[in-house]
Amino acid sequence: MYGEVVAVVRLTPQLVRVVLGGPGLDEFVLGEDADQYVNCFFLPDAASYAVPFDGEAVRELPREQRPFPRRITVRAWDGERRELTLDIAAHGDAGYAGRWASRAQVGHRLQLRGPAGSYRPHADADSYLFVGDESALPAIAACAEAVPAGRPVVVVVEVEDAAGEVELGSPGELEVRWVHRAGRDDVDDLLAEAVAALPRPAGVVSAFVHGEAAETRAVRRVLLREGIVEPERLSCSPYWRRGLDDEAWRAVKAAWVRDTAAETFDVMPR
Ligand SMILES: Cc1cc2nc3c(=O)[nH]c(=O)nc-3n(C[C@H](O)[C@H](O)[C@H](O)COP(=O)(O)OP(=O)(O)OC[C@H]3O[C@@H](n4cnc5c(N)ncnc54)[C@H](O)[C@@H]3O)c2cc1C
């Protein structure tokens, strides 16, 4: 499957919206989860082929010629126009996904597979808590739109500064708290501190905590230690790891997820 860029919008200095359309998306079928993502294939500068390409054939090429897979959330799917909206974090000149999004123009093509997902706000929850950085903002925005009407929704998002903030909508009673990095590098605990400072939500909470690995792990510890969320209503996923590209991150991600899961009973109240 592949999409052709039909629109590009710079939402914030760090976030680029790319809308894909065209007949290459004829087979696209949206599922039920709010956090669905597609696996996108970004081509190296030296690629001797173009989209659409044969996925099996390019796997035989030398590493520097093969496409780089990156997971990107389905921010929206317009079933009538058959258009797919992706919001991609652009982080300087680093990263195939970020660079592609920064340079995207109408007519460019992107090959992809999917979608798949794993979280939908629990219908039986009394309130919702969604936490993350720019990489999780598309999923958080989609989750906020998918909650039952009238229930409290607290969103905590880390961005660089006020220019990184976007408008979010929800049928719930939405409260958005923006956390600013403001040029800091030592931000592992920034989201966790913001979450620890929130008023304690009443009743059953459904939570979605995705984004940078160390940051999501720190938030997870607070939520479980304080008994704010039960593990079965907490979706926590390390999307990326500061200092590692996606290839290096995927090589150690399973061990990281195992270590994080092993902490569960150490951090929970007895
Ligand atoms: C299920 C899922 C859904 C995702 N959805 C989205 C999405 O909708 N939008 C989105 O932007 N990302 C999303 N991500 C995260 C994205 O896949 C990774 O951030 C990916 O590493 C970006 O690839 P890249 O080629 O731009 O950078 P890479 O080549 O992987 O990394 C290059 C450098 O940039 C750093 N880096 C990577 N991501 C960021 C970032 N967000 N901010 C600052 N530095 C970074 C790396 O640590 C590395 O030093 C999702 C991840 C998963 C697992």
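A residue is called buried here when its relative accessible area is under 20%, exposed when over 50%, and partly exposed in between, using a 1.4 Å probe and protein chains only. This is a predicted model, in which local features need pLDDT of at least 70 and side-chain atom pairs count only at pLDDT 80 or more, while totals for chains, interfaces and linings use all residues. Residues are numbered from 1 along each chain as its sequence is written, and side-chain values use heavy atoms, with hydrogens and water left out.

View 1. Helices (H or I, at least four residues) and strands (E, at least two) are DSSP runs, numbered from the N terminus. Of the 270 residues in the protein chain, 47% are buried. Along the principal axes, the C-alpha atoms fill a box of roughly 55 × 40 × 35 Å. Contact means heavy atoms within 4.5 Å. Among the contacts in the protein chain with a separation of 6 or more, 68% come from residues 24 or more positions apart.

View 2. H210 counts as buried because its relative accessibility is 3%. Its side chain joins that of Y239 through a polar contact of 3.2 Å. A polar contact is a pair of N or O atoms within 3.5 Å; within protein, one must be able to donate a hydrogen and the other to accept it, and residues adjacent in sequence count only if both atoms are side-chain atoms. Leaving aside residues up to four places away in sequence, H210 touches several others, including D35, D133, T216, C236 and Y239.

**View 3. Now look for M268, in the segment after helix 7 (264-267).** Which residues does M268 touch, not counting residues up to four places away in sequence? They are L224, R225, E230 and P231. M268 also lies 7.3 Å from E226 in space, C-alpha to C-alpha, although the two are 42 residues apart in sequence.

**View 4. Our last stop is A46, in the loop between strand 3 (37-42) and helix 1 (55-58).** A46 is partly exposed because its relative accessible area is 49%. How far apart in space are A46 and Q36, C-alpha to C-alpha? The distance is 30 Å, and the two residues are ten residues apart in sequence.
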